[in-house]
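This briefing is meant for a reader who is meeting the structure for the first time. Please look at the sequence and the model below before going on to the notes that follow.

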Amino acid sequence: MIGADYFEQQAFAGAPLTDAVVIDAHGHIGDNQAFAFVDTSMEALVATMDRLGVDVACVSSIPAIYGQSARGNDELLAAIAEYPDRLFGYVVVDIGYPERIPAELDRCLAGGVRGVKIHSSSGLPYAHPNYEPVYNFAAAHGLPLLAHTWSDQELDDLEPQFARCPNVNFLLGHAGAVAREHYVRLAHQYPNVYLELCFSVCPRGLVEYFVGEGLAAKMLWGSDCIFMSMEQQIGRVIFAKISEADKRLILGETAARVLLGKGPGR
Amino acid sequence: MSEPEAPACGRLIACDAFMGAPPVPGPDYLPDVGDLLAEMTRLHISAAVVRHRACLQVSAHLGNDVLMDEIAGHPELLPAWFVSPDGREPQFDPAFTLGQMIAAGGRFAWANPTAEGFSLQPWCCGRHYAALVERRVPLLVEYATTSLQDLHEAMAAFPELRVVLLQVPRVGRNRLVEPLLELHPRLHLCFAPAFSVHEYWPDLCRRFGPHRWLWGTHYPDAEGGAAVTGLMYAGLDPEALQAVAHGNIERLMAEVIA
């Protein structure tokens, strides 16, 4: 058997990670114009999860991100109802239409979502007033909030919310996509800020850098599947030059606490 | 059947290593021979086709020379030379340069028309393509530096030309590349980390067969472990898995007329 630890051994064997908690903190369902997906079915998603040994995928609707929140969230609710033990749902709202936001948040919470996703593709910066009811809703219900981040400005716009909503666990999506030192500062400064790792180009050394900065317990593996594939993104953690214990934290143990538990730190 | 102490795919051979120090070193690694070999050892990669950065930074021919100097004594590093359409002085004959490469052990050529001021159109690279076809040498080109229209016209004019397209982006079912795959059966794609699309690799293998795909790690920029898991967990059947991991590249190398 080859591989430096359990995770590498399983990977070289093409075997699922059955002896670890594995949670994909950042995934999607649905269709998209620019990415011609091969298979958007829940069956394919769950089959992929089984192949890798992913216990839970935390997903939001792609149509909801791009302006079709009601229809997209309907699909999300149906998916998490069909796979309640395998899928965790993030609600996304049409941020440009503030009159729709409260009712959609309430409807989706009642339908089983357990987190909130915001994405700058909605057309408004995270500091825009339309986001206030979203942040407030997450705070009122102690829901984790995953934010797509792809610029220093987005991090700056989000930062005031970290202290204002101390019972919301903020996941900074695509951590390291921009100045990685910025992510490190935020994760160190705020106890409720976590780094979510999916990044298409799989930059070499980034996982090790964050761990080297003392952030292993504040990192969550995510794949961005179905925009990307779980199988590539998980290799960034499985083969990172870090300890097996840190891999366990990043691949699922921290997500189990931060996403599946309630409130920061629990 | 897997060998003991080997990945389940039998062995791994990467087609896309790109070696050589950049003008300013990055914070995490220096992509020299030692680093590449260490990565190959860590990831149980048996061999890698290697191109050298100096071919772009200085000149194709100096870069090829540097490559051969640096990989000397490491048979697991398989040289790919940048062969420009006008070859190298004093002959200025791409067939001659290609013959030198083959004699030196090279089984792949590569090109970057953007960097060295030429076109992949057959009117510009015709002699080059004829030489590649005559020796059955595959040509490596990167997606970002290649006009797909030029590639189409080249492969239409030279249907026996073997091409491997590197660094294909993750845009789902690629609406530009798939028609080329249908038109040109000797077009191959590299399965590497950035070509990360949910359920796509098994789909490509089903629709185009398992023999059109090589495996790569996008060394040095990407975490090579993502390439390993990308392949091992792709859900390919055993025949396709072994073909992508090593069989297809071994076949292409064996077909070269030495």
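In chain B, helices H6(B) and H7(B) cross in a right-handed sense.

- Helix H6 of chain B covers residues 122-135 and helix H7 of chain B covers residues 148-157, and their axes, which come within 10 Å, cross at roughly 50 degrees.
- H6(B) and H7(B) are therefore oblique to each other.
- On the H6(B) side the residues that take part are Pro122(B), Cys125(B) and Tyr129(B), and these meet Glu153(B), Ala154(B) and Ala157(B) of H7(B).
- Sorted by class, the contact between H6(B) and H7(B) consists of 5 nonpolar residues and 1 charged residue, with no polar ones.

**A helix pair in chain A**

- Helix H4 (residues 69-82) and helix H5 (residues 101-111) of chain A have axes that come within 10 Å and cross at roughly 10 degrees, an angle that makes H4(A) roughly parallel to H5(A).
- H4(A) contributes Ser69(A), Ala70(A), Asn73(A) and Leu77(A) to this contact, while H5(A) contributes Glu104(A), Cys108(A) and Gly111(A).
- The contact of H4(A) with H5(A) divides by class into 3 nonpolar, 3 polar and 1 charged residues.

**Chain A as a whole**

- Chain A contains 11 helices and 8 strands, and because its radius of gyration of 17 Å is close to the 18 Å that the globule rule gives for 266 residues, chain A is as compact as a globular protein of that length.
- Taken along the principal axes, the box filled by the C-alpha atoms of chain A is roughly 60 × 40 × 35 Å.
- The mean pLDDT of chain A is 95, with 98% of its residues reaching 70 or more.
- Over residues 262-266 of chain A, however, pLDDT stays under 50, and for this stretch the model has 11 contacts beyond four places in sequence.
- Where pLDDT is low, predicted coordinates should not be read in detail.

**The contact between the chains**

- Chain B gives 35 residues to the contact and chain A gives 34 residues.
- On the side of chain B that touches chain A, the elements giving two or more residues are helix H9 (200-208) and helix H10 (224-232) of chain B, and H10(B) gives the most, with 7 residues.
- By class, this side of chain B is made up of 18 nonpolar, 8 polar and 9 charged residues.

Definitions and conventions: Residues are numbered from 1 along each chain as its sequence is written. Chains are lettered from A and ligands numbered from 1 in the order in which they are written. This is a predicted model: local features need pLDDT of at least 70, side-chain atom pairs count only at pLDDT 80 or more; totals for chains, interfaces and linings use all residues. Two residues are in contact if their C-beta atoms, placed from the backbone, lie within 7 Å. Helices (H or I, at least four residues) and strands (E, at least two) are DSSP runs, numbered from the N terminus. Ala, Val, Leu, Ile, Met, Phe, Trp, Tyr, Cys and Pro count as nonpolar, Asp, Glu, Lys and Arg as charged, and the others, Gly among them, as polar. pLDDT is the predictor's confidence in each residue, from 0 to 100. Axes are lines fitted to C-alpha atoms, for helices over the stretch in contact, and angles run from 0 to 180 degrees between N-to-C directions. Angles under 35 degrees count as roughly parallel, over 145 as roughly antiparallel, 65 to 115 as roughly perpendicular and the rest as oblique. A crossing is left-handed if the near helix is turned anticlockwise from the far one by less than a right angle, and right-handed if clockwise. The radius of gyration is taken over C-alpha atoms; the globule rule is 2.2 Å times the number of residues to the power 0.38.
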